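Have the coordinates open as you read.

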Amino acid sequence: MNEQVQPSTGFDRVLHFTLPDRNARGRAVRLGPVLDTILSAHAYPAPIRQILAEALVVTALLGSLLKDQDGQLTLQAQTQDGVVDLLVCDYRNGELRGYVRHDRARLDELGPTPSLFSLFGEGYLAITFDLAATGQRYQGVVPLEGNSLAEACESYFMQSEQVPSLIRVGVRNTPAGCVAGGLLLQHLPEGEEGRERLHVQLDHPEWEHVSILGASVKEAELVDPALDLESIVWRLFHEEREIRAEPGLVLSRGCRCTVEHYRDVLSRFGAEERADMKNDDGLIIVDCAFCSREFEIDL
């Protein structure tokens, strides 16, 4: 690469890169111990572990696009009567968390490798950006269609942001744990940062070139611990005149469940509502779905 960057070896890191001559930006991510920690909070069956791992990779990729240090990205897939009725992940300051609510009995009827449609049915995908610096929130909602969450997110960027995007995700389960990786590419024809809304053509020659090369990445490459993120980007785009790359944030599991947090949340309810929440011991029991812990709150 033209600018020397310390390789992002290991797990739970994001690599930022741009292709200036092609007006494109990208992110690459690989999850390891953080992924295992999140998945271990519940005894998820294999298909649910798979879909949650994919969702966490996508969340890390999209969250790393935030410029606002305290901004938050939330990805939510929901259905009315699906086997999975709720999948939610979020990212803030490099912290990831995620949870899936599902019907185990119906899931067992689907076999070991259910499709996205069989899991969610007629569902939708909502992606929400909360910008702490300005207090703004904006959200895009698209049908949960395609063969993967990555494809659904590509549709989100095209429909809601008018930004042509390519997302690839790989997941590998090993006796030592789960490894997942991902690649995000976006076409920004008005410079590296683009603008709030971009009206572009999918057949733009710059984007066509970048997307073809990006689509050639193999899942095995995305989850290979011996292949650092810089090497993946170099393999794909080594013929470019310039690649600008820099490491992003180190990723961590970031469930924000504390007694102090829940006390603050509960203090916003009226006295009668809080009284109705108390058990026989005068405590309010709060269950955090993300980390599978219960908190006894004494107000």
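E154 and R168 form a salt bridge, with their closest N and O atoms 3.3 Å apart; the term means a side-chain nitrogen of Lys or Arg within 4 Å of a carboxyl oxygen of Asp or Glu. E154 sits in helix 5 (residues 149-161) and R168 in strand 8 (residues 165-174), so the bridge ties together parts that are 14 residues apart in sequence. Helices (H or I, at least four residues) and strands (E, at least two) are DSSP runs, numbered from the N terminus.

As for cover, E154 is buried at 18% relative accessibility, whereas R168 is partly exposed at 28%. Buried here means under 20% relative accessible area, exposed over 50%, and partly exposed in between, using a 1.4 Å probe and protein chains only.

## Where this comes from

This is a predicted model: local features need pLDDT of at least 70, side-chain atom pairs count only at pLDDT 80 or more, and totals for chains, interfaces and linings use all residues. Residues are numbered from 1 along each chain as its sequence is written, and side-chain values use heavy atoms, leaving out hydrogens and water.

The salt-bridge count comes to 11. One of them joins R101 to D85, with the closest N and O atoms 3.0 Å apart. That pair links distant parts of the chain, 16 residues apart: R101 in strand 5 (residues 95-102) and D85 in strand 4 (residues 84-92). R101 is partly exposed at 37%, and D85 is partly exposed too, at 23%.

Then there's E221 with R235, whose closest N and O atoms are 2.9 Å apart. Here E221 belongs to helix 7 (residues 219-222) and R235 to helix 8 (residues 229-237), 14 residues apart. E221 counts as buried at 14%, while R235 is partly exposed at 47%.

## The chain as a whole

Zooming out, the protein chain has 10 helices and 13 strands. Its radius of gyration is 20 Å, close to the 19 Å that the globule rule gives for 299 residues, so the chain is as compact as a globular protein of that length. The radius is taken over C-alpha atoms, and the rule is 2.2 Å times the number of residues to the power 0.38. Those C-alpha atoms fill a box of roughly 70 × 45 × 35 Å along the principal axes. Buried residues make up 50% of the 299.
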